[in-house]
Amino acid sequence: MRRVSRAQPLPAVGRLLNEPGYARLKERYSHELVAVALREQLAAERATRAAGAEERLAQVEAKLRELVAPRLQRVINGTGVVLHTNLGRAPLSATARAAVAAVAGGYSNLELDLAGGKRGERAAHVKELLTRLTGAESALVVNNNAGAVLLALSALCKGREVIVSRGQQVEIGGSFRMPDVMRLSGARMVEVGTTNRTRAADYEEAVTARTAALLRVHTSNFLVTGFTESAPLVELAEVAHRHQLLLIDDLGSGALLEEAGEPSVRESVQLAAVSCFSGDKLLGGPQAGVLLGREELVRKLARHPLARALRADKLTLAALEGTLRDRLLDRELPVDRMLQQTPAELRRRAAWWTVKLGDREIRSRLLEAESAAGGGSRPGRGLPTVLLAIEGPASRLAEALRRGDPPVIARIDRDFCCIDPRTVLTGEDEPLFDAVERAFRTLPSS
Ligand SMILES: *Cc1c(COP(=O)(O)O)cnc(C)c1O
């Protein structure tokens with residue numbers, strides 16, 4: 001291999017592109033892309049040292065592979081956090097995935113009423129499912145629950161006052177803070193009570209002629225314990241009724257099944273004027289914001305310009321419809337299955353993993369710990385689990401696993417690199433064993 005000395009000028013891009021090595025690359029990648037990668041390579045060489053012809057070609061090829069590699073990819077969730085926001089929250093059910101695939105590659109009746117042949121409403125496809133499942137009169141779906149709250153406050157409370165408890169001034173994460181959303185909507189927030197105690201009477205005393213609504217926000221990602229009191233929804237509904245105000249209820253998770261510690265969607269629908277929740281938390285569907293309420297209020301929401309800006313796309317609506325159909329049929333969704341696994345089941349699976357990894361000469365043990373629902377659901381209620389704890393340098397192993405293909409997201413517990421079987425899906429066992437074995441071969445130096 002001929003080394004180009006530092007002093008020698010680098011070859012021109014145009015000439016190099018006609019050489020056989022680069023011509024071969026152009027068959028797989030576009031001419032433009034090869035030229036871009038080559039220019040970047042030559043710029044790097046100018047800053048450091050000139051590379052040999054073969055080395056340069058290899059570098060350009062590596063750069064091209066990287067450029068077109070998928071970025072958003074499937075990962076194995078070994079963290080035990082079921083609704084992990086950074087990992088995409090709820091894995092979709094088979095029904096939801098099939099529904100997405102069915103409309104993704106073609107046209108659909110997204111806004112067409114097939115029976116009448118007229119323009120239809122895009123929310124219509126999920127509206128009936130949602131009303132049947134929750135008892136609501138009407139429903140609307142937007143991009144996410146943060147958008148749902150923003151829309152409800154903008155469309156129904158702009159320029160007026162909204163009363164909210166100081167104990168419910170929550171930040172959900174990713175800078176979604178209730179006071180900021182309120183400001184953005186143009187509604188004026190009136191805070192009542194204290195961080196740990198708010199009674200219905202506190203709301204009632206704050207009512208003025210300018211009041212539009214009472215807002216309840218489920219404190220979904222934290223627990224205030226000890227000397228606490230919050231007004232039950234039924235009492236807020238009474239205050240709202242007495243003063244002819246709207247009661248808006250941000251449920252957060254939207255647990256359709258009865259869940260201890262989670263507000264019930266059905267109860268909320270009966271008591272509040274508008275209830276909203278996320279599609280990708282305990283409901284187990286895609287990212288979406290579901291708004292439920294009386295017909296005329298939902299129509300008002302749907303007609304607001306923000307509804308257009310926040311509207312859900314056809315893939316989301318397809319996935320949500322599939323999820324709701326599963327719910328209507330009482331089918332177990334992936335999220336339910338993960339949350340309901342017993343410590344005994346988890347121990348059996350982790351124990352089987354230690355045997356399988358042992359066959360590959362990888363030593364591991366079992367550790368009792370807790371998984372979490374995550375995504376701002378069921379705070380403070382850990383789910384007992386049994387972790388697979390891999391023997392070896394914990395943080396370097398976790399890094400190697402994260403950088404693997406497929407990436408595995410582990411957690412560190414008691415100085416072990418651990419995998420929680422709760423969130424490792426069916427069919428991911430063998431890929432996990434392979435990934436762990438590869439991680440040991442590619443351990444980054446400390
Ligand atoms: C999660 C959550 C939100 C935000 O919902 P997204 O669907 O993530 O936008 C809003 N309010 C509450 C109470 C929540 O728990």
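The model is predicted, so local features need pLDDT of at least 70 and side-chain atom pairs count only at pLDDT 80 or more, whereas totals for chains, interfaces and linings use all residues. Residues are numbered from 1 along each chain as its sequence is written, and side-chain values use heavy atoms, with hydrogens and water left out.

**Overall architecture**

- The protein chain has 18 helices and 13 strands; these are DSSP runs numbered from the N terminus, with helices being H or I of at least four residues and strands E of at least two.
- Taken along the principal axes, the box filled by the C-alpha atoms of the protein chain is roughly 90 × 55 × 45 Å.
- Of the 446 residues of the protein chain, 50% count as buried; buried means under 20% relative accessible area, exposed over 50%, and partly exposed in between, with a 1.4 Å probe and protein chains only.
- Among contacts (heavy atoms within 4.5 Å) between residues at least 6 apart in sequence, 75% join residues at least 24 apart.

**The seven-stranded sheet**

- Seven strands form an open sheet with mixed pairing, in the order β2-β8-β7-β6-β5-β3-β4; two strands pair if DSSP finds at least two bridges between them.
- β2 and β4 (188-192) stand at the edges with a single partner strand each, so one side of each has no neighbour in the sheet.
- From one strand to the next, the twist averages 20°.
- β7 and β8 (residues 289-293) pair in the antiparallel sense over five bridges, and Ser 275 has Leu 292 in β8 as its bridge partner.
- Helix α6 (residues 124-134) packs on the sheet and touches β2 and β8, its direction making about 120° with that of β2; axes are lines fitted to C-alpha atoms, for helices over the stretch in contact, and angles run from 0 to 180 degrees between N-to-C directions.

**Helix α6 and its end**

- The buried residues in α6 include Val 126, Leu 129, Leu 130 and Leu 133.
- The cover over the buried residues of α6 includes β2, α11 (265-271), β8, α12 and α14.
- Thr 134 lies in α6 and is buried, with a relative accessible area of 1%.
- The side chain of Thr 134 reaches the backbone nitrogen of Ala 136 at 3.2 Å.
- Not counting residues up to four places away in sequence, Thr 134 touches Leu 256, Val 265, Arg 266, Val 269 and Leu 292.
- Gly 135 follows α6 and has a positive phi, near 85°.

**Nonpolar cores**

- In soluble globular proteins, nonpolar side chains tend to be buried together.
- A nonpolar core is a set of buried Ala, Val, Leu, Ile, Met, Phe, Trp, Tyr and Cys residues joined through side-chain atoms within 4.5 Å.
- Of the 34 residues in the largest nonpolar core, Leu 151, Cys 157, Leu 291 and Leu 301 touch the most other members.
- Elements that give two or more residues to this core include β2 (138-142), α7 (145-157), β7 (274-278) and α12 (295-303).
- The largest share of this core, nine residues, comes from α7.
- Apart from it lies another core, of 21 residues, among them Trp 353, Ile 390, Phe 433 and Ala 435.

**Cysteines**

- The structure holds zero disulfides, a disulfide being a pair of cysteine sulfur atoms within 2.5 Å.
- The sulfur of Cys 157 is too far for a bond, because the closest cysteine sulfur, in Cys 276, is 11 Å away; Cys 157 is buried, at 0% relative accessibility.
- The sulfur of Cys 418 is 6.8 Å from that of Cys 417, the closest cysteine sulfur, and this is too far for a bond; Cys 418 is also buried, at 0% relative accessibility.

**Two loop residues**

- Gln 341 is found in the loop between α15 (334-340) and α16 (343-359) and is buried, with a relative accessible area of 17%.
- A polar atom of the Gln 341 side chain lies 3.1 Å from the backbone oxygen of Arg 422.
- Asp 313 is in the loop between α13 (305-309) and α14 (314-328) and counts as partly exposed, at 35% relative accessibility.
- The side chains of Asp 313 and Thr 316 are joined by a polar contact of 2.8 Å; a polar contact is a pair of N or O atoms within 3.5 Å, where within protein one must be able to donate a hydrogen and the other to accept it, and residues adjacent in sequence count only if both atoms are side-chain atoms.
- The C-alpha atoms of Asp 313 and Val 141 are separated by 9.9 Å, although the two residues are 172 residues apart along the chain.
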